[in-house]
Amino acid sequence: MNRIDQKFKELKTKKRKAFIAFITAGDPDLKTTEDLVVSLEGVGVDIIEIGIPFSDPLADGPTIQASFFRALSKGTTVKKILETVKRIRLKSSIPIAFMTSYNPILRFGEEKFLKACVDVGIDGLIVPDLPPEEAKNLCSLAEGYDLSTIFFVAPTSTDERIKSNTKASSGFVYYVSLTGITGTQKAVAQTVVKKINHIKRFTDKPVCVGFGISTPEQVKVIGRAADGVIVGSAIVRVIEQNKGNKNLVPAVSHYVSSLVKALR
Amino acid sequence: MKNKVMKQLLPDKNGYYGSFGGRFAPETLMAVLAQLEKQYQAIKKDKTFKKEFESYLKEYAGRPTNLYFARRLSAHLKTLKVYLKREDLLHTGAHKINNTLGQILVARRMGKTRIIAETGAGQHGVATATAAALFGLKCIVYMGAEDVKRQSLNVYRMKLMGAQVIPVESGSKTLKDAMNEAVRDWVTNVADTFYIIGSVAGFHPYPAMVRDFQSVIGREARQQFLAKENKLPNYLLACVGGGSNAMGLFHAFYNDKTVKMIGVEAAGHGVDTHEHSATLNKGAVGVLHGSKSMLLQDNDGQIQIAHSIAAGLDYPGVGPEHAFYHDSKRAEYVTITDKEAIEGLKLLARLEGIIPALETSHAIAYLQKLASRAKKNSTVIVCLSGRGDKDMNQISQFI
């Protein structure tokens with residue numbers, strides 16, 4: 001049982017929901033990424049998603065794309081990110097999943113990448129442009145390494161797809177709350193809650209909701225129905241706004257803390 | 001000589017051509033791609049659709065296009081008899097209209113009211129805006145800001161026909177970035193929107209669908225050539241960016257094993273520099289824009305910025321079926337530099353009174369190299385994929 005599974009087990013006994021925070025590795029630099037993970041764990045974040053930047057992300061909105069660009073222009077590479085995670089692991093045992101496009105993994109070599117992930121203490125993978133149909137090899141390798149492979153369900157997913165995607169998922173299931181790309185949008189409809197309940201008819205695995213969540217109110221509403229709430233673009237925007245500010249880490253942690261509190 | 005009925009073996013049911021292709025899409029698009037595939041399979045067999053499509057190709061686009069024997073060019077090249085498949089004479093000035101008419105008819109059958117497209121040189125954008133105007137559908141075209149600058153004439157054409165052109169400022173501000181933005185739009189507006197992809201690239205079933213709509217080029221050319229020469233040609237020649245005109249010409253000849261296929265990639269400033277678009281020659285296996293193919297990328301899997309004087313070839317990827325042809329050696333892929341392409345353009349203009357597009361000029365330029373290695377009296381069909389009117393601003397400095 002890896003750290004993600006353990007976390008959900010622990011949360012279940014405590015009758016709590018998971019708060020999952022996304023940050024881009026190397027935005028604004030890898031030292032800050034390292035400090036952010038430790039600080040976010042301190043304010044109660046349950047799971048961290050670390051984005052490996054990609055030059056041409058299809059499934060991410062302009063905010064995350066811009067953060068990828070900032071990270072890449074600083075010379076952030078997969079190898080350097082792996083080293084950063086290794087350093088984080090000296091200070092923190094928070095569950096960490098990598099989120100990235102498929103091409104950096106393919107280029108690194110699937111098996112070599114998974115092995116490197118396990119070696120530095122990564123617990124799961126989220127690859128938005130890799131549907132389960134194309135992930136068979138990756139999934140069977142990941143299973144051997146006890147790495148979670150987290151797949152998506154979208155508002156457009158048919159029941160057939162909900163069934164197969166939840167089956168292929170391990171760790172948790174990622175529900176994309178808005179039909180669309182990531183980005184902070186005000187309307188988080190009540191229909192999301194209905195949809196979560198619908199997905200839960202197909203699986204016992206934790207269902208977490210992401211995309212378009214930015215306020216404590218939204219976190220609260222979604223947290224009632226989902227097993228976890230994922231916030232990405234909104235956090236990345238605060239990082240962007242505090243670029244060059246030596247108090248970046250406390251500022252981001254303060255914002256995230258306000259969201260985490262809404263779940264408790 | 002009768003064309004054997006070609007079994008449509010590829011792609012396989014998962015959208016693969018050998019080890020290339022597939023459907024690497026965000027979950028939001030997966031169901032709609034499956035629905036598109038299903039509907040497209042049904043439409044393909046539907047006789048009324050076929051009739052409707054053929055009627056638009058004939059009455060509106062101007063098919064069949066001529067297979068023209070280039071007498072003076074052939075005399076100049078000495079060893080080669082050159083036939084030009086005149087896609088440049090189609091409405092809108094390039095082969096792109098074949099595909100956009102096909103896809104817009106599919107969109108109509110699926111009840112979609114909003115059309116989006118990406119464009120590089122602007123030819124696909126113009127062809128999409130044209131088809132959208134013809135059917136009264138709303139049309140949004142994403143175009144790299146760099147391309148908006150160098151292909152301003154096509155921007156005016158699209159606007160005149162009522163399309164909204166959105167300049168894309170991210171990344172290299174060229175075709176790949178336009179495609180990123182178009183996909184993002186589609187993910188957000190998938191309910192009412194149909195995405196018309198312009199090349200044999202993207203998520204399954206797009207590479208197959210675009211190929212099918214473009215394969216009319218090769219079917220006609222094969223028949224026309226047989227009628228004129230009573231044999232099959234020795235060579236087929238076409239430029240390759242994403243690869244739609246090349247695949248359109250090649251596909252009908254796939255089983256004619258004596259016919260050698262040559263795709264011409266853009267070498268830009270040279271394949272040994274970092275400024276080229278020679279994906280098959282210099283790239284590595286990767287996934288971009290929905291399919292597994294060859295890509296220009298660095299050791300970390302980041303996509304490299306392509307370069308070509310021809311905006312339509314300025315793309316770091318290539319259609320998966322070309323990667324398969326390359327891998328299985330069914331076709332050969334060569335390169336032509338920016339400089340050579342300009343010479344090719346001038347050559348055709350002076351010898352035949354035909355000004356080809358800069359993209360097409362790459363194929364023309366390779367004729368000189370082919371002539372030096374071909375046996376005497378060899379025959380070649382060149383896909384004259386587009387005309388050069390759109391490039392006049394850009395090439396005025398070379399005249």
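Predicted model: local features only at pLDDT ≥ 70, side-chain atom pairs only at ≥ 80, totals over all residues.
Residues are numbered from 1 along each chain as its sequence is written, chains are lettered from A in the order in which they are written, and side-chain values use heavy atoms, with hydrogens and water left out.

Between the two chains, 35 residues of chain A are in contact with 37 residues of chain B (heavy atoms within 4.5 Å). The area buried between them is about 2800 Å², and carbon and sulfur atoms give 53% of this area (the accessible area, with a 1.4 Å probe, that two parts lose on being put together, summed over both).

The count of salt bridges between chain A and chain B is 2 (a side-chain nitrogen of Lys or Arg within 4 Å of a carboxyl oxygen of Asp or Glu). B:Glu27 forms a salt bridge with A:Arg161, where the closest N and O atoms are 2.8 Å apart.

Turning to chain B itself, the axes of helix H5 (residues 123-135) and helix H7 (residues 152-160) of chain B come within 9 Å and cross at roughly 10 degrees (helices being DSSP runs, H or I, of at least four residues, numbered from the N terminus; axes being lines fitted to C-alpha atoms over the stretch in contact, with angles from 0 to 180 degrees between N-to-C directions). H5(B) is therefore roughly parallel to H7(B) (angles under 35 degrees). The contact is made by B:Gln123, B:Gly125, B:Val126 and B:Ala129 of H5(B), together with B:Asn154, B:Arg157 and B:Met158 of H7(B).

Notes: Helix = DSSP H or I, 4+ residues; strand = E, 2+ residues; numbered from the N terminus. Parallel < 35°, antiparallel > 145°, perpendicular 65-115°, else oblique.
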